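Here's a quick briefing to read alongside the model. Have a look at the fold first, then go through the notes below.

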Amino acid sequence: MAQQAEGIGGLKYDKSKKAWPNEFNIFFALILIVAIFEALGQFLPYMNGQSFLFDTQDRFDSIFNEARLKIIILQVAIIGIISLGVTQVIISGGIDLSSGPLVAATAMIVMSFAQTEFVNGNPNPKAVFGAWSFDLPVIVPVMVGLAFGALIGGINGTLIAFTRIPPFIATLGMFLICRGIAQWWTRGQPVSFPTDSYAALGAGMMPVVWFLLLAILCHVLLRFTVYGKHTYAIGSNEDAARMSGINVKRHKILIYMIASMLAAFAAIVLSSKNLTAQSGMGLFYELFAIAMAVIGGVSLTGGRGSIIGTVLGAMVFGVIQSGFTYVKLDAYFQIMAMGIIIISAVVLDQWRQQRAASRI
């Protein structure tokens, strides 16, 4: 018989039902996936014994394949920034489908305020505005981008909080609006040639630095502040949160504003890294960000999840993407596989919910 102890209100605590924190499970899954790709490199005939993670050709100063590690963390950093906001939205019981097109719209708008006047001694051929907009301080395009993100998030949150329409519908509508804004802004023409100070925001490993700094900030925000407690409370039981005195409508607007501002900042980093903005940017970013959060243990029913789990989920996602390329899986098969992974993550979330309910 399991050893039990009396708890508050006479409830029983069953020590046999203790489990690892979900973040440990994700970390172990990450190690397992790396091991699988390592094994494929050894056993697939056309791989010629290549290593997925380790440097077997003495190209680097460490035992690891530093080039592959950099690629993995770089390719998840920008979408990872979006996933930090998406995590908060899902924990509150909502969903945000507008973040991908928001990246495109923000990038187009922001790059218009980040252009330099001369390119190789000639006038900027991609200029959007007049002379007043050239060589502005870097804070100007950054603030324009964050303000635009706050506006979009505020509209999303207001629609969801006050009209009571499902978050799926509200953010799907904003998905189309933002994609239209991105294409309308310069009639589909790319915007290029930013100032050096703007380009520095996404140079080198800066996207990873921004991702980690924002992850730490969001973790503190969710774990140790009233904002975080209210977010979890609303996702767990909105009616109970409202009856306990939480201003649910105002808090939902705030959550969606923060999520959209994070997506806007991701657009700033992406356009800075690429030195250009295009209306087709952000394709599938919203789905990949949701997948990172769900793989990281965020429940689609709300009320459960963590930033640490989302960061680990982003790493799992990046390893899988890099691994598919490593084993030379064709691009269209990679897209299909990502779809399967997203579905599997949702199925796993439902299984976790049922298992948790059976323990109560």
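Which residue does Glu238 form a salt bridge with, the closest N and O atoms being 2.8 Å apart? That partner is Arg242. Before going further, keep in mind that this is a predicted model, where local features need pLDDT of at least 70 and side-chain atom pairs count only at pLDDT 80 or more, while totals for chains, interfaces and linings use all residues. Residues are numbered from 1 along each chain as its sequence is written, and side-chain values use heavy atoms, with hydrogens and water left out.

**Salt bridges**

- The structure holds four salt bridges (a side-chain nitrogen of Lys or Arg within 4 Å of a carboxyl oxygen of Asp or Glu).
- Glu238 and Arg242 sit four residues apart in helix 9 (residues 238–243), so about one helical turn separates them; helices here are DSSP runs (H or I, at least four residues), numbered from the N terminus.
- Arg242 is partly exposed, with a relative accessible area of 34%; buried means under 20%, exposed over 50% and partly exposed in between (1.4 Å probe, protein chains only).
- Glu238 also forms a salt bridge with Lys252, with the closest N and O atoms 3.0 Å apart.
- Because Glu238 lies in helix 9 and Lys252 in helix 10, that pair ties together parts that are 14 residues apart in sequence.
- Lys252 is buried, at 12% relative accessible area.
- Arg242 meets Asp239 in a salt bridge too (3.2 Å, N to O), and these two are three residues apart in helix 9, separated by about one helical turn.
- Through shared partners, salt bridges join Arg164, Glu238, Asp239, Arg242 and Lys252 into one network.

**Aromatic rings**

- There are 14 aromatic pairs in the structure (ring centres of Phe, Tyr and Trp, the last by its six-membered ring, within 6.5 Å; planes under 30 degrees apart are stacked, over 60 edge-to-face, and the rest tilted).
- In one of them, the ring centres of Phe24 and Phe28 are 6.4 Å apart with planes at 40°, so the pair is tilted.
- Phe24 and Phe28 are four residues apart in helix 1, about one helical turn.
- Both count as partly exposed, Phe24 at 38% relative accessibility and Phe28 at 40%.
- Phe284 and Phe288 make a tilted pair as well, with centres 6.2 Å apart and planes at 55°.
- Phe284 is partly exposed at 36%, whereas Phe288 counts as buried at 16%.
- One aromatic cluster is formed by Phe113, Phe129, Trp132, Trp184 and Trp185.

**Nonpolar core**

- The largest nonpolar core has 92 residues, and Phe37, Phe52, Ile82, Leu84 and Val319 touch the most other members (a core is a set of buried Ala, Val, Leu, Ile, Met, Phe, Trp, Tyr and Cys residues joined through side-chain atoms within 4.5 Å).
- Not counting residues up to four places away in sequence, Ile82 touches Ser99, Val103, Ala263, Ala266, Tyr285 and Ala289 (contact means heavy atoms within 4.5 Å).

**Met261**

- Met261 is in helix 10 (residues 248–274) and is partly exposed, at 29% relative accessible area.
- Leaving aside neighbours within four places in sequence, Met261 is in contact with Leu146, Gly149 and Ala150.
- The C-alpha atoms of Met261 and Val209 are separated by 17 Å, the two residues being 52 apart along the chain.
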